[in-house]
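I set out to record what the pockets and the strand pairing look like in this model. The entries below follow the order in which I looked things up.

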Amino acid sequence: MTDFLTALEWRYATKSFNSSVRLTDLQLDVLKKAVQLSVSSFGLQPYKVFIIDSQVVKSAIMEAAYGQKQIGEASHVFVFAHQRQYQSKEVEELIVKLAENQGRKVEELQSYQQSIDSWMGAMSDEKLETWMSSQVHIAMNNLLLAAATLGIDSCPMGGFDIEKVDDILGLKSEGLKSCLIVPVGVRNDKDIYANYPKTRKSISELFEVR
């Protein structure tokens, strides 16, 4: 528990990465697994994650993110993109996987499938996008926590031109919309922000027992 809290104290929104240090395949595998295991409503995970390694693509995304240099400096850049609209086929695929994993027949889960379809289908486009975005944020948080426990730096970003990033990665043709960007790597030892204490609400301000 102490190690976990120490990792949370250690992490910060990295402002400058050491561009000469690259993450290992093993480190990336752990980060990917952490995202894969994220909590998601119904287990649907209505998103896809792109890991940018190419410096050319990083530079293009950095320009679309108003020149935030962390994108160009980082070892890799995670781009989270959620679906643009509700996909009933995703629910069908989920039900098939659930049946297989639980040793049940698909027919036994039809009522569950129908309840998901009904709930999702009743949402407006605006509410659906909000719901999908919240699922992405949960997955991103898993990435940040996993990175911190591994001693990997990160910086979550929401400030970028969505249309441009979508065009760079060809997301529209895949029915996806970029939502969050997270550069990961190793901090530059000259980044003064690494030494600043965290500014958070106190425990007494944040929590109330009733």
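**Strand pairing and pockets**

I began with the strands of this predicted model: strand E3 (residues 153-154) and E4 run antiparallel and are joined by 2 bridges. Within this pairing, I found Ser 154 bridged to Val 184 in E4.

I then followed E4 to its pairing with E2, which is antiparallel and extends over 8 bridges. Here Ala 81 stands opposite Ser 178 in E4.

Of its 10 residues (176-185), 9 are buried, so strand E4 is largely enclosed by the rest of the structure.

The largest pocket has a volume of about 430 Å³. Its lining comprises 19 residues, of which Gln 36, Leu 44, Gln 45, Tyr 47 and Lys 97 are the closest to the centre. I noted that at least two lining residues come from each of helix H2 (25-36), strand E1 (47-52), strand E2 (76-83) and helix H5 (88-102). Sorted by class, the lining holds 10 nonpolar, 4 polar and 5 charged residues.

For the second largest pocket, I recorded a volume of about 330 Å³. It is lined by Leu 5, Leu 8, Glu 9, Lys 198, Arg 200, Lys 201, Ile 203, Leu 206 and Phe 207. Helix H1 (2-10) and helix H9 (203-206) are the elements that give two or more residues to this lining, and H1 contributes the most, with 3 residues. By class, I listed 5 nonpolar and 4 charged residues in the lining of the second largest pocket, with no polar ones.

Key: Residues are numbered from 1 along each chain as its sequence is written. This is a predicted model: local features need pLDDT of at least 70, side-chain atom pairs count only at pLDDT 80 or more; totals for chains, interfaces and linings use all residues. Side-chain values use heavy atoms; hydrogens and water are left out. On a 1 Å grid over the protein atoms alone, a cavity is a set of points where a 1.4 Å probe fits but cannot get out, and a pocket is an open set with protein on both sides within 12 Å along at least five of seven lines; lining residues have an atom within 4 Å of a point. Grid points are joined across faces, edges and corners, and a volume is the space filled by probe spheres set on the points. Helices (H or I, at least four residues) and strands (E, at least two) are DSSP runs, numbered from the N terminus. Ala, Val, Leu, Ile, Met, Phe, Trp, Tyr, Cys and Pro count as nonpolar, Asp, Glu, Lys and Arg as charged, and the others, Gly among them, as polar. Buried means under 20% relative accessible area, exposed over 50%, partly exposed in between (1.4 Å probe, protein chains only). Two strands pair if DSSP finds at least two bridges between them.
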